[in-house]
Amino acid sequence: RSVVMAERRVTWSRGIAILTYRVSAERPDVPIFKALCASAYLRDSDRWVRLSHQQTTGI
C-alpha cells in the first residue's frame with residue numbers, strides 16, 4: 001500500500017556508488033516492514049551494474 005524512504009544518501013568514489021536508506025513499507029494484513037538498506041553499484045561504460053544489496057530488518 002505504501003513505501004517511505006528516509007535518510008537517503010549516495011557516496012561516490014572512482015566509478016562506484018553506495019546508496020543507503022531506511023525504508024518502511026506497508027501491505028494489507030501484514031505488519032509494517034522496516035529496514036536499513038545499502039546497495040553498491042559499479043559504473044561499467046554507459047550503465048550501472050549492481051554489485052551487492054544488503055538489508056537489516058527489525059530496526
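The questions and answers below go through a predicted model, its strands, its salt bridges and part of its surface.

Reader: How are residues numbered, and which pLDDT is needed for local features in this predicted model?

Author: Residues are numbered from 1 along each chain as its sequence is written, and side-chain values use heavy atoms, with hydrogens and water left out. Totals for chains, interfaces and linings use all residues, while side-chain atom pairs count only at pLDDT 80 or more, and local features need a pLDDT of at least 70.

Reader: How many bridges join S1 to S2, and in which sense do the two strands run?

Author: Strands here are DSSP runs of type E with at least two residues, numbered from the N terminus (helices would be H or I runs of at least four residues), and two strands pair if DSSP finds at least two bridges between them. Within this pairing, Arg-9 stands opposite Thr-20 in S2, and Ser-2 stands opposite Glu-26 in S2. S1 and S2 are joined by ten bridges, and the sense in which they run is antiparallel.

Reader: Which residue in the turn between S1 and S2 has a positive phi?

Author: The two strands form a hairpin with two residues between them. The residue in question sits in the loop between S1 and S2, and it is exposed, with a relative accessible area of 84%, where exposed means over 50%, buried means under 20% and partly exposed lies in between (1.4 Å probe, protein chains only). Its phi is about 50° although it is not a glycine, and its name is Arg-14.

Reader: Over how many bridges do S2 and S3 pair?

Author: S2 and S3 also form a hairpin with two residues between them, and Asp-29 in that turn has a positive phi of about 60°. Across the pairing, the bridge partner of Ala-25 in S3 is Phe-33. The two strands pair in the antiparallel sense, and the number of bridges is eleven.

Reader: How many salt bridges does the structure hold?

Author: Side chains of opposite charge can pair when their charged atoms come close. A salt bridge is counted when a side-chain nitrogen of Lys or Arg lies within 4 Å of a carboxyl oxygen of Asp or Glu. One of them joins Asp-44 and Arg-47, with the closest N and O atoms 3.5 Å apart, and there Asp-44 is partly exposed at 33% relative accessible area, as is Arg-47 at 49%. In the whole structure, the number of salt bridges is three.

Reader: Which strands are tied together by the salt bridge of Arg-22 and Glu-7?

Author: The side chains of Arg-22 and Glu-7 meet at 3.2 Å, N to O. Arg-22 is partly exposed at 33% relative accessible area, and Glu-7, which has a positive phi of about 50° although it is not a glycine, is partly exposed at 47%.

Reader: Is Ser-39 buried or exposed, and which side chain does it join in a polar contact?

Author: Ser-39 lies in strand S3 and has a relative accessible area of 5%, so it counts as buried. Counting heavy atoms within 4.5 Å as contact, and leaving out residues up to four places away in sequence, Ser-39 touches several residues, among them Ala-17, Ile-18 and Arg-50. A polar contact is a pair of N or O atoms within 3.5 Å (within protein, one must be able to donate a hydrogen and the other to accept it, and residues adjacent in sequence count only if both atoms are side-chain atoms). At 2.6 Å, the side chain joined to Ser-39 is that of His-53.
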